[in-house]
Amino acid sequence: MLIVDILAAAGEAAPQNKFGFMEAMKTGGAISITTVTILGIMSFGSFYILFTKWFEQSKIMRQHRDMRANFWKAPTLREGAAKLEKNSAWRQLVDDGISAEDQHSKMTDSMEAHDWLHGSLARSEASINARLASGLPFLATVGATAPFVGLFGTVVGIYRALIAIGIAGSASIDKVAGPVGEALIMTALGLLVAVPAVLAYNYLQSRNKRIAELLQGFSTDVLANINSKGAVKPAMASAQAKPAAAPAKPASAPVKP
């Protein structure tokens with residue numbers, strides 16, 4: 001019984017933490033809760049865009065590898081387009097190029113076919129790049145504004161600490177610990193939201209630049225193929241289509257007399 005009484009007394013005498021996260025939010029009131037909610041929405045949106053755009057970019061890169069392996073083996077662009085996935089960026093470029101070629105034959109002015117095809121493919125590239133870049137402005141906005149949203153909570157927390165000091169007449173730790181802790185939490189949350197958003201923006205932007213280079217190269221190949229009536233294909237495709245040379249037969253040894 002003595003041990004039980006000692007343990008119970010120790011449990012009752014144990015100090016309780018009154019300066020945790022939830023306590024700081026209760027101290028901050030509606031302003032702190034609103035600030036944390038805004039930062040939470042920013043963080044959720046940033047990670048959602050990061051994962052969705054990453055999967056979209058990975059799909060386009062996978063389709064590019066499949067396109068390089070199969071597309072240029074087809075005798076015509078129409079047959080090659082049938083091998084590509086529907087609603088893919090590469091299928092869109094080919095379809096737009098074929099459509100531009102068909103439309104040029106209906107034009108009555110003297111516009112060069114090369115200029116018309118080049119403009120049509122460039123417009124198709126721009127639409128694909130714009131679709132890939134969607135969502136990235138949100139990441140840039142979060143990266144630029146999240147620290148200031150957290151700073152707003154920091155200013156409010158410091159203001160509450162100064163009010164507590166003025167009311168108490170002294171800067172005792174029990175009066176300022178709560179508001180100062182709230183201020184530091186807001187600063188940390190602002191940085192915690194902003195840093196991943198900036199890293200995600202730079203990462204996705206670099207992958208978009210790589211995809212834009214691949215799109216431009218493929219568009220140039222499609223344009224050259226259309227202008228040459230199918231005679232010009234990428235060097236890689238020509239090398240794959242060219243049969244390997246038969247090994248030379250070893251020279252027979254001279255017959256001794």
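Helices (H or I, at least four residues) and strands (E, at least two) are taken as DSSP runs and numbered from the N terminus. By this rule the chain holds nine helices and zero strands. Along the sequence the pattern reads α-α-α-α-α-α-α-α-α. The model is predicted: local features need pLDDT of at least 70, side-chain atom pairs count only at pLDDT 80 or more, and totals for chains, interfaces and linings use all residues. Residues are numbered from 1 along each chain as its sequence is written, and side-chain values use heavy atoms, with hydrogens and water left out.

Buried residues account for 32% of the 257 residues in the chain. Accessible areas follow the Shrake-Rupley method with a 1.4 Å probe; for residues, only the protein chains shown count as cover. The chain exposes about 16,200 Å² of accessible surface, and 66% of this belongs to carbon and sulfur atoms. Contacts are heavy atoms within 4.5 Å. Among contacts between residues at least 6 apart in sequence, 76% join residues at least 24 apart.

A nonpolar core is a set of buried Ala, Val, Leu, Ile, Met, Phe, Trp, Tyr and Cys residues joined through side-chain atoms within 4.5 Å. The largest such core has 26 residues, of which Phe 71, Leu 77, Trp 90, Val 94, Phe 218 and Val 222 touch the most other members. Helices H3 (30–70), H4 (77–82), H5 (89–104), H6 (113–133) and H8 (173–227) each give two or more residues to this core. H8 supplies the largest share, seven residues. Leaving aside residues up to four places away in sequence, Phe 218 touches Met 67, Phe 71, Trp 72, Trp 90, Leu 93 and Val 94. A second, separate core of eight residues includes Leu 39, Val 142, Val 149 and Val 193.

Ser 46 lies in helix H3. Ser 46 is buried because its relative accessibility is 4%. Its contacts, not counting residues up to four places away in sequence, are Phe 138, Leu 139, Val 142 and Ala 197. Ser 46 and Val 193 are 147 residues apart in sequence, yet their C-alpha atoms are 8.4 Å apart. The Ser 46 side chain also reaches the backbone oxygen of Met 42 at 2.8 Å.

Phe 47 is likewise found in helix H3. At 38% relative accessibility, Phe 47 is partly exposed. Phe 47, Phe 51, Trp 54, Phe 55 and Tyr 203 form a nonpolar surface patch with about 530 Å² of accessible area together. Four of the patch residues, the largest share, come from H3.

Salt bridges pair a side-chain nitrogen of Lys or Arg with a carboxyl oxygen of Asp or Glu within 4 Å. The count comes to seven. Arg 62 and Glu 85 meet at 3.1 Å, N to O. Arg 62 lies in H3 and Glu 85 in the loop between H4 and H5, so the pair ties together parts 23 residues apart in sequence. Arg 62, Asp 66 and Glu 85 are linked in a salt-bridge network. Arg 78 pairs with Asp 102, the closest N and O atoms being 3.1 Å apart. This pair links helix H4 to helix H5 across 24 residues. Lys 229 and Glu 101 form a further bridge at 4.0 Å, N to O. Lys 229 sits in the loop between H8 and helix H9 (235–241) and Glu 101 in H5, so this bridge joins parts 128 residues apart in sequence. Lys 229 is exposed at 71% relative accessibility, whereas Glu 101 is partly exposed at 28%.

Terms used: Buried means under 20% relative accessible area, exposed over 50%, partly exposed in between (1.4 Å probe, protein chains only). Patches are made of residues with over 30% relative accessible area and no salt bridge: like charges are joined within 9 Å, nonpolar side chains (Val, Leu, Ile, Met, Phe, Trp, Tyr) within 5 Å. A polar contact is a pair of N or O atoms within 3.5 Å; within protein, one must be able to donate a hydrogen and the other to accept it, and residues adjacent in sequence count only if both atoms are side-chain atoms.
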